[in-house]
Amino acid sequence: MPSKDLPASSQDQALEYVTSCKLPTTWATFEMHAFVELATGKEHIALTLGDVADGKPVLARLHSECLTGDALFSQRCDCGPQLEMAMQKIAKEGRGALLYLRQEGRGIGLLNKVHAYRLQDQGADTVEANQQLGFAADLRSYSLCEPMLKHLGISSLRLMTNNPRKIAAMTGMQIRVEEHIPLIIERNQYNERYLNTKVSKLGHLMQPDL
Ligand SMILES: Nc1nc2c(ncn2[C@@H]2O[C@H](COP(=O)(O)OP(=O)(O)OP(=O)(O)O)[C@@H](O)[C@H]2O)c(=O)[nH]1
Ligand SMILES: [Zn+2]
């Protein structure tokens, strides 16, 4: 086992910083920072570009894991294109941060998301499917963002999101959201109902196409 590279300032009760490396991508070479959540052993990642610890608001994306959208090109949701757009915007500015949070399926996990997708194939919407499985519509928590951002020296964000819950969660911690930047993705026949349900039932800030 490689020894952990742990500056004292990175220690936190909920989260431990492990190490960093370079991550060359199509758009820029990011710095990738690895963290482990102590209670669950879940591994989380932050990508940064440029000097994000200079005190100025940082262009940022708090992205929840979506294996199907982020890695498997699924058109059922807008996650993959949002991830790509966020990384491109950060690369264009030459400065920013992306937290990749391992809370797949709005926190219900990958296998339950497959169950939920099956129920949606049979007519349920994304919220009804969660409820039929005995889950709340959204089980995610953004509390880990605080120690991750603190470790990176970030205290204020220009946040790329359509989700008001994320903005509220940041404001509830000691993270200022100086600006909210929408990330609107093209609709298709497979994601249309999902996006409309996010607007009507989850309060997302997009124009419904009803
Ligand atoms: N349970 C469940 N999770 C889903 C479904 N579709 C996508 N997800 C998950 O939803 C999460 C993304 O949430 P979204 O509500 O699309 O977007 P958001 O991150 O809250 O908001 P934005 O910042 O605007 O993207 C990821 O964890 C996906 O895996 C679904 O039908 N059911
Ligand atoms: Zn998705």
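This report covers the zinc site, cores, salt bridges and surface of the structure above.

This is a predicted model, in which local features need pLDDT of at least 70, side-chain atom pairs count only at pLDDT 80 or more, and totals for chains, interfaces and linings use all residues. Residues are numbered from 1 along each chain as its sequence is written, chains are lettered from A and ligands numbered from 1 in the order in which they are written, and side-chain values use heavy atoms, with hydrogens and water left out.

**Zinc site**

Cys-66, Cys-77 and Cys-79 coordinate the zinc ion (ligand 2) through their SG atoms, at 2.2 Å. Donors here are N, O and S atoms within 2.8 Å of the metal (3.2 Å for Na, K and Ca); water is not among the atoms, so sites may look incomplete. The donor spacing in sequence is C-x10-C-x1-C. Cys-66 sits in the loop between β4 (58-64) and α1 (67-71), and Cys-79 in helix α2 (residues 79-93), so the pair ties together parts that are 13 residues apart in sequence. Helices (H or I, at least four residues) and strands (E, at least two) are DSSP runs, numbered from the N terminus. Cys-66 counts as buried at 5% relative accessibility, and Cys-79 counts as buried at 12%. Buried means under 20% relative accessible area, exposed over 50%, and partly exposed in between (1.4 Å probe, protein chains only).

**Nonpolar cores**

A nonpolar core is a set of buried Ala, Val, Leu, Ile, Met, Phe, Trp, Tyr and Cys residues joined through side-chain atoms within 4.5 Å. The largest has 24 residues; Leu-99, Cys-145, Leu-149, Ile-154, Leu-157 and Met-170 touch the most other members. Helix α5 gives the largest share of this core, four residues. A second, separate core of 14 residues includes Ala-28, Leu-49, Leu-59 and Ile-90.

**Salt bridges**

A salt bridge is a side-chain nitrogen of Lys or Arg within 4 Å of a carboxyl oxygen of Asp or Glu. The count comes to 13.

| Glu-65 | Arg-102 | 2.9 Å |

Asp-138 counts as buried at 16% relative accessibility, while Arg-165 is partly exposed at 36%. Glu-104 and Lys-113 are both buried. Glu-93, Arg-158 and Glu-179 are linked in a salt-bridge network.

**Around Asp-125**

Asp-125 lies in the loop between α3 and α4. Its relative accessibility is 7%, which counts as buried. Leaving aside neighbours within four places in sequence, Asp-125 is in contact (heavy atoms within 4.5 Å) with Gln-120, Arg-193, Thr-197 and Lys-201. Asp-125 and Thr-197 are 72 residues apart in sequence and 7.0 Å apart in space, C-alpha to C-alpha. Thr-197 is among the buried residues of helix α7 (residues 192-202). What covers the buried residues of α7 includes α4 (126-132). Just after α7, Gly-203 takes a positive phi of about 75 degrees.

**Surface patch**

Leu-67, Leu-72, Leu-110, Leu-111 and Val-114 make a nonpolar surface patch of about 460 Å². Patches are made of residues with over 30% relative accessible area and no salt bridge: like charges are joined within 9 Å, nonpolar side chains (Val, Leu, Ile, Met, Phe, Trp, Tyr) within 5 Å. Accessible areas come from the Shrake-Rupley method with a 1.4 Å probe; for residues, only the protein chains shown count as cover. Helix α3 (residues 110-121) supplies the largest share of the patch, three residues.
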